[in-house]
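Here is a model to read with some care about terms. The questions that follow ask what stands behind each label.

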Amino acid sequence: MTVSSDSLQDATRSKIIFIDAPDEDFEPMPEGDKQRRNLSYTTEALQLWFEKRKNVYVSGNLFIRYLDNNIEKRIAPDTFVVFGMSQEDRVSYKIYEEGGKAPDFVLEITSKGTVTKDREENPLIYRKLGVKEYFQYDPTGEYLKPESLQGMRLEQGKYVAIAVSVLPDNILSLRSEVLGLDLQLYPDRGFRFYDPVSNQVLLSYAEAERARFQAELERSFEQQARLQAEAIAEQEKLISQQERQEKEKLAAYLRSLGINPDEI
């Protein structure tokens with residue numbers, strides 16, 4: 001089979017383009033619906049929570065590149081948060097172009113294909129980068145033992161396990177000092193971020209939209225009920241006025257006949 005010089009040039013050009021555009025690499029997709037749903041929730045919930053703080057960057061499933069002279073030195077956490085950085089969109093987060101600022105918080109959604117990397121390889125990288133807190137969550141409960149939600153905090157250059165609390169209703173809870181939030185695992189709802197100050201569970205975009213719609217619907221019902229109550233009150237007021245006027249007319253008529261209505 002003969003290959004033309006043009007074909008070879010095209011193939012070579014494609015390879016060059018691929019090398020020159022390392023940010024176009026693709027990470028493997030989540031291995032199942034549970035991983036995908038939790039990956040979406042964890043990133044969206046934190047983006048919504050911190051959206052009013054313009055110096056907090058939240059992203060997920062995005063390459064973090066940490067050596068400017070080696071494009072292969074990269075890692076892609078499922079969700080990460082960087083304080084002190086703008087919220088502008090990035091193709092990848094390059095620590096060496098961000099003033100050396102590494103993520104403060106990382107959460108990995110563990111699956112069968114990532115459990116070894118999440119437990120053995122990633123902590124070494126995150127510790128070296130100075131990631132203050134590293135959490136792992138296994139939505140299937142099959143690969144991460146003994147608890148499917150675990151966390152570590154960087155103390156004096158080493159990761160120390162974060163204490164797990166078991167709350168009423170068998171809710172598993174770990175505190176993130178970096179986020180100022182609790183990471184909780186509900187028997188019936190799965191993983192959720194929780195703010196103990198406002199007693200509020202963080203919502204995803206879809207959940208927030210549903211909550212907004214429900215709140216507007218309830219306000220509409222309340223307004224309709226208020227208007228109906230006002231209409232009934234006004235009607236009763238008119239009836240009362242009519243009855244009073246009729247009584248006054250009758251009393252005046254009786255007086256015209258020489259009868260005292262108060263003595264009747």
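Q: Which element gives the most to the lining of the second largest pocket?
A: That element is α2, with 4 residues; helices (H or I, at least four residues) and strands (E, at least two) are DSSP runs, numbered from the N terminus. This is a predicted model, in which local features need pLDDT of at least 70 and side-chain atom pairs count only at pLDDT 80 or more, while totals for chains, interfaces and linings use all residues. Residues are numbered from 1 along each chain as its sequence is written, and side-chain values use heavy atoms, with hydrogens and water left out.

Q: Why is N199 called exposed?
A: Exposed means over 50% relative accessible area, buried under 20%, and partly exposed in between (1.4 Å probe, protein chains only); N199 has 58% relative accessibility, and therefore counts as exposed. N199 lies in the loop between β13 and β14 (200-201), and has a positive phi of about 55 degrees although it is not a glycine.

Q: Why is N61 called partly exposed?
A: The relative accessible area of N61 is 31%, so N61 is partly exposed. N61 is found in the loop between β1 (56-59) and β2 (64-65), and its phi is near 55 degrees, a positive value in a residue other than glycine.

Q: What makes a set of residues a nonpolar core?
A: The set consists of buried Ala, Val, Leu, Ile, Met, Phe, Trp, Tyr and Cys residues joined through side-chain atoms within 4.5 Å. The largest such core has 25 residues, and those with the most contacts inside it are L46, F105, L179, F191 and F193. Its largest share, 5 residues, comes from α2. A second, separate core of 16 residues includes I75, M85, Y93 and Y159.

Q: What is the peptide bond from K145 to P146 called, cis or trans?
A: With omega near 0 degrees, the bond is cis; P146 has its place in the loop between β7 (133-137) and β8 (149-155).
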